[in-house]
Amino acid sequence: MFEKVLIANRGEIALRVLRACRELGVRTVVVHSSADADSLPVRLADETVRIGPAASRQSYLNAAAIVEAARQTGAQAVHPGYGFLSEDADFAEICAENGLVFVGPPPQVMSALSDKSTARALMSRAGLPLPPGSVRTLPTVAEALGVAAEVGYPVIVKAAAGGGGRGMTVVRSAAALPRAYARTRAAAQVAFGDDRVYVERYLTDARHVEVQVLCDGHGNGVHLGTRDCSVQRRHQKLVEEAPAPALSAATVDTLTETALRGVLSVGFTGAGTVEFLVDEAERCHFLEINCRIQVEHPVTEMITGVDLVHEQLHIAAGVPLRLRQEEIRLHGVAVECRVNVEDPDHDFAPTPGRLDRFRPPGGPFTRVDTHGHPGYLVSPHYDSLLAKVAVWAPDRASALDRLERALGEFDIAGAGVRTTIPFVRRVLDDAAFRKARHTTALVDRLLADRAPAGAPVPAPAAPAAVPGATPAANPPGTSVRRNR
């Protein structure tokens, strides 16, 4: 096992990784921006390094500064968490070139899978079913129109380099496709530095189901069951549960077996997630592979008893997989909701500000992953996720009741601060959701139901531009602090 790991992230995931390292007797280095200098992960780390100002491009996306911080502190490995540089193959390669272990798959595997078009082709060859559409990218609008006419509308235009729910546009007619095609390409170029797109059939009544996998560097792999992540706003998840409910045993077997076959076929290592859409007839359609720990990993941990971050670190250290498939047992149901600092009544616009009150829930089988505390300033510079509340119970109905109880206990207040908690409680109260008959259209339906008569339903916001992962040519000055 490593002696020292650098955590190249912030917020609740930095704290999650730090705690796992401490449990394994591994010292931690937390890098941070000037805006996060007093954050909880920084307070608890063994060592900290300031890598730049608040702007992500100059701090958490600054690969050169992060590698230099690792060199200064003698860290042996870098855990990227999720977001930022966690799926950046160039960053993983830079780490390797500087003698650092990147906690994730090899750069060449990550490069292939982070390109959604390439990933689709690889998984198709491995036998995974794809949604109807183009396997390769489409360089002209004429080709996009041809594919759309063949598969039928609605279609979705997707950026090959997209991620995090960004770089996607739903199109419902041929007349709307040229503009959507151009807009998606332009947004993808700004967000990801890559304007390539492809087109596939958009499944309006489908569920988003994913499979958690763990693979080592010795050719071994296991799956840890399914998760349902169908409750989404702007293609970003709000509520997740494990195992995915209301699926036949045959469908679950198809999802888990094909997911594991797919990742092993490309030499994947570490913790990953294979995502699918499942339609009304339980036909499965491969979407993508995430090469990192997922935000929703706690629900899998709660039903399996497996600490996924512990396993990530052991795999990265070269230890053969410590689990066998027959040893993994699923117990009960876990449900998680994300508490984002956003206003659901205004198209989920972020509402950053200082927290005057912050009291998370407790009680049996209730887990809260958060970096928040009274007085914490929710920054406008980063993602709006403040906390995740996950609960476990023997059955789904009891788990939903427990989550409702926990959310009722959560006390968050600050000038101008709003959260997604009231909206999530509407989800939990929805009859279709309670019966596990919901699809990815649930959030739009709830928003439409709440809109005043005659008022237009707010259109989903355009995909937000995300800073690229190109390191700054000259990293800003860094400062190192060692906590006693």
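# Briefing: burial, helix packing and backbone geometry

With a relative accessible area of 8%, Phe102 is buried; buried means under 20% relative accessible area, exposed over 50% and partly exposed in between, computed with a 1.4 Å probe on protein chains only. The model is predicted, so local features need pLDDT of at least 70 and side-chain atom pairs count only at pLDDT 80 or more, whereas totals for chains, interfaces and linings use all residues. Residues are numbered from 1 along each chain as its sequence is written, and side-chain values use heavy atoms, with hydrogens and water left out.

- Phe102 belongs to strand E5 (residues 101-102); helices (H or I, at least four residues) and strands (E, at least two) are DSSP runs, numbered from the N terminus.
- Apart from neighbours within four places in sequence, Phe102 is in contact with Val78, Pro80, Leu85, Ser86, Phe91, Ala92, Cys95 and Met110, where contact means heavy atoms within 4.5 Å.
- His79 is 23 residues from Phe102 along the chain, and their C-alpha atoms are separated by 6.4 Å.
- His223, in strand E10 (residues 221-233), has a relative accessible area of 18% and is therefore buried.
- Beyond four places in sequence, the contacts of His223 are Val211, Gln212, Val213, Thr256, Leu260, Gln325 and Ile328.
- Between the C-alpha atoms of His223 and Arg196 there are 32 Å in space, with 27 residues of separation in sequence.
- Leu15 is located in helix H1 and counts as buried because its relative accessibility is 1%.
- Leaving out neighbours within four places in sequence, Leu15 touches Leu40, Pro41, Leu44, Thr370 and His371.
- The C-alpha atoms of Leu15 and Ile94 are separated by 24 Å, and the two residues are 79 apart along the chain.

**Helix H1**

- The 13 residues of H1 (residues 11-23) reach 19 Å from first C-alpha to last, close to the expected 18 Å; the expected span is 1.5 Å times one less than the number of residues.
- Ten of the 13 residues of H1 are buried, so the helix is largely enclosed by the rest of the structure.
- The buried residues of H1 include Gly11, Glu12, Ile13, Ala14 and Leu15, together with Arg16, Val17, Leu18, Ala20 and Cys21.
- After H1 comes Gly25, with a positive phi near 75°.

**Helix packing**

- H1 and helix H11 (residues 308-316) have axes that come within 9 Å and cross at roughly 65°; axes are lines fitted to C-alpha atoms, for helices over the stretch in contact, and angles run from 0 to 180 degrees between N-to-C directions.
- H1 is therefore roughly perpendicular to H11; angles of 65 to 115 degrees count as roughly perpendicular, under 35 as roughly parallel, over 145 as roughly antiparallel and the rest as oblique.
- From H1, Arg16, Val17, Ala20, Cys21 and Glu23 meet Leu308, Val309, His310 and Leu313 of H11.
- The contact of H1 with H11 comprises six nonpolar, one polar and two charged residues; Ala, Val, Leu, Ile, Met, Phe, Trp, Tyr, Cys and Pro count as nonpolar, Asp, Glu, Lys and Arg as charged, and the others, Gly among them, as polar.
- Helices H13 (residues 421-429) and H15 (residues 442-450) pack at about 105°, their axes being 11 Å apart.
- H13 is therefore roughly perpendicular to H15.
- Phe423, Arg426 and Val427 of H13 form this contact with Leu442, Val443, Leu446, Leu447 and Arg450 of H15.
- By class, the contact of H13 with H15 has six nonpolar, no polar and two charged residues.

**Backbone exceptions**

- Most residues other than glycine have a negative phi, and most peptide bonds are trans.
- The Tyr153 to Pro154 peptide bond is cis, with omega near 0°; Pro154 lies in the loop between helix H7 (141-151) and strand E6 (155-163).
- The Ala242 to Pro243 peptide bond is also cis, with omega near -5°; Pro243 is in the loop between strand E11 (236-242) and helix H9 (249-265).
- Glu282, although not a glycine, has a positive phi of about 65°; Glu282 sits in the loop between strands E12 (270-279) and E13 (284-290) and is partly exposed, at 25% relative accessible area.
- Ala436, not a glycine either, has a positive phi of about 60°; the loop between helix H14 (431-434) and H15 holds Ala436, which is buried at 9% relative accessible area.
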